[in-house]
Amino acid sequence: MSASFHSPTADALVLSAGGMFAAWQAGAWKALAEWFAPGLVVGTSAGALNGWAIAGGCAPEELIGQWLDPSAAASLRLAVQAPWRGVFDAALLERSVRRIHARYSPRVPFGAVTVELPRLRPCLFRTPEVDWRHLLASCSVPFGLPPVRIAGRWHCDGGLISPLPVWAAAAMGARRIVALNALPLMPSRIVRGFVKSLRKIAGTPAHPRRIEVRVIAPQAPLGRLRDLLFWDRDNVRRWIELGERDAKTISLAGCFGGQ
């Protein structure tokens, strides 16, 4: 096992958006946790929920257990309601987010990324200001869930504009970043085209310079759009195994040139 390293301002873990695909991050974290102790954690969308737990000291097996628990299926459930409220039951997701927020208290600095509406501006919220509303906003997919009002402004899913927010970790002082990208490619041409258009309009945060970044991503597509949206135990188990395998060959030397 490689020696762990921990620097309060230098080493960061960044977790991407990904919906149910974020279960892959739990498997990857199991492999990384053997040697990597991040000094700060940043997440967006489902990655913000994983990140909040990890920053709070959640053991890899505990995080994996949460993803395998059938209660995870309640995170996104279709509902018949007014069109402007989206197609998913926001109350169920809110309960899940509140439970996760209450269960953990970050031991290292944590950042959650949202998108402010209607300006489509990526926003970084840091502890200690982060509460359950910031986590909920970071997961509030447009047209699927209603935006969340924070300090008089509306916020939605951070993955809409910045699916892998390494810029946010840099803004928090990171000098070396391990990024887990569960969604390198949206599994839908229509959604992909829509998101690409929004990002072209809004612009995306610049990739940080002079910062070492190692991105770990699935070696094969994780599934279809439906798989991304709806919990399935067999899928989750497979993604966790893939995540652990994808990250297992990574070491401190492999990430940062043997430093």
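1. Terms and basis. A residue is called buried under 20% relative accessible area, exposed over 50%, and partly exposed in between, with a 1.4 Å probe and protein chains only. The structure is a predicted model, in which local features need pLDDT of at least 70, side-chain atom pairs count only at pLDDT 80 or more, and totals for chains, interfaces and linings use all residues. Residues are numbered from 1 along each chain as its sequence is written, and side-chain values use heavy atoms, with hydrogens and water left out.

2. The chain as a whole. The protein chain has 10 helices and eight strands; these are DSSP runs numbered from the N terminus, helices being H or I of at least four residues and strands E of at least two. Buried residues make up 54% of its 259 residues. Among contacts (heavy atoms within 4.5 Å) with a separation of 6 or more, 79% join residues 24 or more positions apart.

3. Helix α1. This helix covers residues 23-32, and it is largely enclosed by the rest of the structure because nine of its 10 residues are buried. Trp-24, Gln-25 and Trp-29 are among the buried ones. The cover over the buried residues of α1 includes β1, α2, α3, β7, β8 (212-216) and α9 (233-248).

4. Asn-50. Helix α2 (residues 46-55) holds Asn-50. With a relative accessible area of 3%, Asn-50 is buried. Leaving aside residues up to four places away in sequence, Asn-50 touches Leu-15, Ala-22, Gln-25, Leu-63 and Trp-67. One of these, Gln-25, is itself a buried residue of α1.

5. The pair Arg-176 and Asp-11. The structure holds 11 salt bridges, a salt bridge being a side-chain nitrogen of Lys or Arg within 4 Å of a carboxyl oxygen of Asp or Glu. One of them joins the side chains of Arg-176 and Asp-11, at 2.8 Å from N to O. This pair links distant parts of the chain, 165 residues apart: Arg-176 is in strand β7 (residues 176-180) and Asp-11 in strand β1 (residues 11-15). Arg-176 counts as buried because its relative accessible area is 14%; Asp-11, at 2%, is buried as well.

6. Glu-116 and its partners. Glu-116 forms a salt bridge with Arg-119, with 3.0 Å between the closest N and O atoms. A salt bridge also joins Glu-116 to the side chain of Arg-153, at 3.3 Å from N to O. The latter pair connects distant parts of the chain, 37 residues apart, with Arg-153 in strand β6 (residues 153-157) and Glu-116 in strand β3 (residues 110-117).

7. A salt-bridge network. Lys-30, Glu-61, Glu-244 and Lys-248 are linked by salt bridges into a network.

8. Arg-126. Strand β4 (residues 121-126) contains Arg-126, which is partly exposed at 36% relative accessibility. Arg-126 and Phe-110 are 16 residues apart along the chain, with 5.7 Å between their C-alpha atoms. Beyond residues up to four places away in sequence, Arg-126 touches Phe-110, Gly-111, Ala-171 and Met-172. Its side chain reaches the backbone oxygen of Ala-171 at 3.4 Å.

9. The largest pocket. On a 1 Å grid over the protein atoms alone, a pocket is an open set of points where a 1.4 Å probe fits, with protein on both sides within 12 Å along at least five of seven lines; lining residues have an atom within 4 Å of a point. The largest pocket holds about 1,200 Å³ of space. It is lined by 46 residues, and those closest to its centre are Gly-18, Gly-19, Ser-45, Val-141 and Leu-228. The elements that each give two or more residues to the lining are α2, α3, α4, α7 (189-202) and α8 (225-229). The largest share, six residues, comes from α7.

10. Phe-88. The loop between α3 (60-68) and α4 (90-103) is the place of Phe-88. Phe-88 is buried, at 7% relative accessibility. Phe-88 and Val-141 are 53 residues apart in sequence, and their C-alpha atoms are 9.5 Å apart. Val-141 is one of the residues closest to the centre of the largest pocket.

How values were computed. A polar contact is a pair of N or O atoms within 3.5 Å; within protein, one must be able to donate a hydrogen and the other to accept it, and residues adjacent in sequence count only if both atoms are side-chain atoms. Grid points are joined across faces, edges and corners, and a volume is the space filled by probe spheres set on the points.
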